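Biologist: I'd like to learn how to read a protein model, one feature at a time. Could you walk me through this one?

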Amino acid sequence: MNIKVILNGQNTIFESNPDESLMHVLRKHSCTSVKCGCNQGSCGSCTVLLDDKPVVSCKIPVGFMNNKNIITLEYFEKMPEYKIIMQGFTLAGIELCGYCNSGK
């Protein structure tokens, strides 16, 4: 199935089984910030912005993504808001690992 999305600001077509998780499809598209932690929607390591709302991508079938806007940490790191958030974490003494970055 072809699924049209806007991924990190770019028109993209996912060729996938509609039941496959958004997390797995994003990783196939080189979005390595999207991690597979618990695979149950609890840990947040697969969090992305879906139409500007944070969601856990491991629980969402990619078939529901047609015409959706998806932003991963790869893109968000380039935004001014990210720098402000990271400054806050630094001031609070919080260090992020590769698994918790997206969720935080």
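Modeller: Let's go through the strands, the core and a few side-chain pairs in turn. Keep in mind that this is a predicted model.

Biologist: Fine, let's start with the strands. Which strands does S1 pair with, and which way do they run?

Modeller: Strand S1 is joined to S2 by six bridges, and these two run antiparallel. On S5, S1 has three bridges, and that pair runs parallel. S3 comes in too: two bridges join S3 to S5, antiparallel this time.

Biologist: What sits between S1 and S2?

Modeller: Two residues, which makes the pair a hairpin. Asn-8 lies in that turn and has a positive phi of about 50 degrees.

Biologist: Can we zoom in on residues that face each other? What stands opposite Leu-7?

Modeller: In S2, Leu-7 has Gln-10 opposite, and in S5 it has Ile-70. Ile-70 also stands opposite Leu-50. As for Ile-6, look across to Asn-69 in S5.

Biologist: How should I think about the two sides of a strand?

Modeller: Here's the general idea: side chains in a regular strand alternate between the two faces of the sheet. Now the case here: which residues of S1 are on its covered face, and which on the uncovered one? Ile-3, Val-5 and Leu-7 make up the covered face, while Asn-2, Lys-4 and Ile-6 make up the uncovered one.

Biologist: On to the core, then. Which residues touch the most other members of the largest nonpolar core?

Modeller: That core has 19 residues, and the ones touching the most other members are Phe-14, Leu-22, Leu-26, Met-65 and Ile-70. The elements giving two or more residues to this core are strand S1 (2–7), helix H1 (22–28) and strand S3 (47–50). H1 gives the most, with four residues.

Biologist: What does Phe-14 touch?

Modeller: Leaving out residues up to four places away in sequence, its contacts include Ile-3, Val-5 and Leu-7. Leu-22, Val-25, Leu-26 and Ile-70 are also among them.

Biologist: Now charges. How many salt bridges are there in the whole structure?

Modeller: Two. In one, Lys-28 pairs with Glu-20, with the closest N and O atoms 2.7 Å apart. Lys-28 is exposed, at 60% relative accessible area, whereas Glu-20 counts as buried at 18%.

Biologist: And the other pair?

Modeller: Asp-51 pairs with Lys-68, and there the closest N and O atoms are 3.6 Å apart. This pair links distant parts of the chain, 17 residues apart: Asp-51 is in the loop between S3 and S4, and Lys-68 is in S5. Asp-51 is partly exposed at 33%, and Lys-68 is partly exposed at 28%.

Biologist: Last one: how do I read a pair of aromatic rings?

Modeller: In general, you describe such a pair by the distance of the centres and the angle of the planes. The whole structure has one aromatic pair. The ring centres of Phe-76 and Tyr-82 are 5.9 Å apart and their planes lie at 85 degrees, so the pair is edge-to-face. Tyr-82 is buried, with a relative accessible area of 14%.

How values were computed
Residues numbered from 1 in each chain as written. Predicted model: local features only at pLDDT ≥ 70, side-chain atom pairs only at ≥ 80, totals over all residues. Heavy atoms only, no water. Core = buried A, V, L, I, M, F, W, Y, C linked by side-chain atoms within 4.5 Å. Buried < 20%, exposed > 50% of the residue type's maximum accessible area, 1.4 Å probe, protein only. Contact = heavy atoms within 4.5 Å. Salt bridge = Lys/Arg side-chain N within 4 Å of Asp/Glu carboxyl O. Phe/Tyr/Trp six-rings, centres within 6.5 Å; stacked < 30°, edge-to-face > 60°. Pairing = 2+ DSSP bridges.
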